Amino acid sequence: MTACVIEPSAGHEDAEAAPAGCTLTADGAYAARLASAGDSWFPERWTLDGPEPYAVPLPRNQPEEPGTEVQPMGDGRVLIHRLVAGRHAFSLLYPTGPGTGELALGVVECPDDTARLRLLPPAPGGRRAYALAVGPRSTTVWLVAGGAFGPERLAELPGRCSGGVWLDRTGRLLALDRETGGRTKAVVVDLERGGEVSPLLQIAADSDDRLLLADHDSGLLLIRSDAPSPGQDRLGWGVLGSTMPVRFPECLRLRDCTVTPFAIQPGQMLTPESCAVALRVDGPRGRWVGVWRPSERRVHHLPAPEGWLAGTGLWTPEGVLRLPYATEAVPCGVAQVSPPAAEAPEPGAPPATGHPPEPEPIAPGHPPAPEPSGNPPQPARPAQPEHPPQSPQPTPPADPAPPPAPSTPRPVPLQQAPLGRLVTN
């Protein structure tokens with residue numbers, strides 16, 4: 001049984017650690033995070049669409065618990081999610097002169113004590129906010145802000161869901177990674193049709209296929225799957241609505257490192273292979289930023305700014321990467337990073353009008369240790385395969401045999417969701 005009533009909020013009884021980064025609205029105008037003041041935590045809103053970024057603290061009468069979630073809304077208010085006596089309470093915070101105002105939205109009570117509820121990534125438009133309640137056998141999608149009568153239950157899906165990627169600009173199509181039968185597949189939930197579910201990724205019958213990022217303009221998808229290497233997850237890319245297969249570039253495999261994409265360059269309407277993708281790289285030698293484009297066969301490694309709110313950032317359509325950071329000297333800052341321009345295609349290479357040919361496999365390597373300046377060196381580009389020597393006077397056989405079939409395994413296909421046609425530029 002669920003309850004959606006307006007009640008005042010109290011403390012938080014969750015012992016989880018506070019998130020390390022912050023959350024940005026879909027348009028990048030605002031951000032929100034839990035900031036620390038000694039041993040206590042309080043919500044903080046960042047304004048990023050003005051001449052200079054600035055932060056507004058939003059403390060209440062008592063400090064927040066470290067597991068509290070915050071999310072910026074499109075109008076500058078901040079949604080806060082607290083756990084109160086086993087129930088999930090939602091409120092909107094906003095500055096009121098010297099203090100902080102709070103508008104209670106209601107609570108969600110999960111009937112199963114083992115269920116966990118978390119906020120989904122900010123929806124396009126910034127007027128609504130959603131949450132995912134994951135139980136042992138089913139998952140519920142909740143509208144927790146922007147509804148007419150408090151939190152509203154929108155859909156219930158069989159299986160345990162994770163992730164959360166918006167596929168359109170209206171906040172209608174939500175991609176989730178659903179685990180059923182011991183396998184995880186990305187599905188699409190249509191929130192305007194009663195939570196109708198359609199398959200999105202079906203790379204192989206026995207593979208785990210997750211969607212990490214999607215770009216509304218180009219349809220570029222970033223995928224994590226173990227289809228090409230059973231038991232080992234790899235990063236791949238495809239295009240929503242395309243009949244071309246998913247590709248799993250070797251350059252995205254770095255030994256002893258975890259590579260996580262967190263932002264895609266917008267505005268590339270017809271050229272998804274030219275979109276720049278920002279990567280968070282975590283390894284034994286530190287953390288830095290990678291930039292990769294599907295049309296290239298390498299990753300550009302860039303130093304992260306000091307105090308980077310790791311895994312947070314956004315692209316401008318012009319190809320500038322904006323990375324929020326906070327230090328003692330600069331408590332609210334945004335670093336502007338201009339990665340190298342896209343490499344020109346090699347002479348004789350086919351035009352980049354679709355998926356580029358896959359490079360020759362190379363052994364995954366860990367980038368060398370950063371220089372004293374903190375700049376991780378560029379990894380060496382994979383060597384091109386040598387051309388076989390040709391005879392100066394070839395003599396063709398009388399009955400030439402057909403050329404042998406290539407030995408390189410074909411990339412696995414991407415199954416388009418039936419609802420994918422609803423995704424518009």
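Modeller: What follows begins with that sheet and then moves on to a second sheet, a loop residue and the aromatic pairs. Please keep in mind throughout that this is a predicted model.

The sheet you ask about is open and has four strands in the order 5-6-7-8, with antiparallel pairing. Strand 5 (69–72) and strand 8 (99–108) stand at its edges, and because each has a single partner strand, one side of each is left without a neighbour in the sheet. From one strand to the next, the twist averages 25 degrees. Strand 7 and strand 8 run antiparallel and are joined by nine bridges, and one of the residues to look at here is Pro95, whose bridge partner in strand 8 is Thr100.

Strand 6, which covers residues 78–84, contains Arg82. Is Arg82 buried or exposed? Arg82 has a relative accessible area of 4%, and since buried means under 20%, Arg82 counts as buried. The side chain of Arg82 also has a polar partner, for it makes a polar contact with the side chain of Glu64 at 2.9 Å.

Ala85 is placed in the loop between strand 6 and strand 7 (87–96). The relative accessible area of Ala85 is 59%, and because the cut-off for exposed is over 50%, Ala85 is exposed. Most residues other than glycine have a negative phi.

With a relative accessible area of 59%, Asp256 is exposed.

Two bridges pair strand 24 with strand 25 (residues 321–325) in the antiparallel sense, and the bridge partner of Trp315 in strand 25 is Leu321.

Finally, there are the aromatic rings, among which the count comes to two aromatic pairs. In one of them, the ring centres of Tyr130 and Trp166 are 5.2 Å apart and the planes stand at 55 degrees, so the pair is tilted. Tyr130 lies in strand 10 (residues 129–134) and Trp166 in strand 13 (residues 160–166), so this pair ties together parts that are 36 residues apart in sequence. Both Tyr130 and Trp166 are buried. Phe262 and Trp308 form an aromatic pair that is likewise tilted, with 5.7 Å from centre to centre and 50 degrees between the planes. Because Phe262 lies in strand 20 while Trp308 lies in the loop between strand 23 (300–302) and strand 24, the pair ties together parts that are 46 residues apart in sequence. Phe262 counts as buried at 12% relative accessibility, and Trp308 counts as buried at 9%.

Definitions and conventions: Residues are numbered from 1 along each chain as its sequence is written. This is a predicted model: local features need pLDDT of at least 70, side-chain atom pairs count only at pLDDT 80 or more; totals for chains, interfaces and linings use all residues. Side-chain values use heavy atoms; hydrogens and water are left out. Buried means under 20% relative accessible area, exposed over 50%, partly exposed in between (1.4 Å probe, protein chains only). A polar contact is a pair of N or O atoms within 3.5 Å; within protein, one must be able to donate a hydrogen and the other to accept it, and residues adjacent in sequence count only if both atoms are side-chain atoms. Two strands pair if DSSP finds at least two bridges between them. Axes are lines fitted to C-alpha atoms, for helices over the stretch in contact, and angles run from 0 to 180 degrees between N-to-C directions. Rings of Phe, Tyr and Trp (its six-membered ring) pair if their centres lie within 6.5 Å; planes under 30 degrees apart count as stacked, over 60 as edge-to-face and the rest as tilted.
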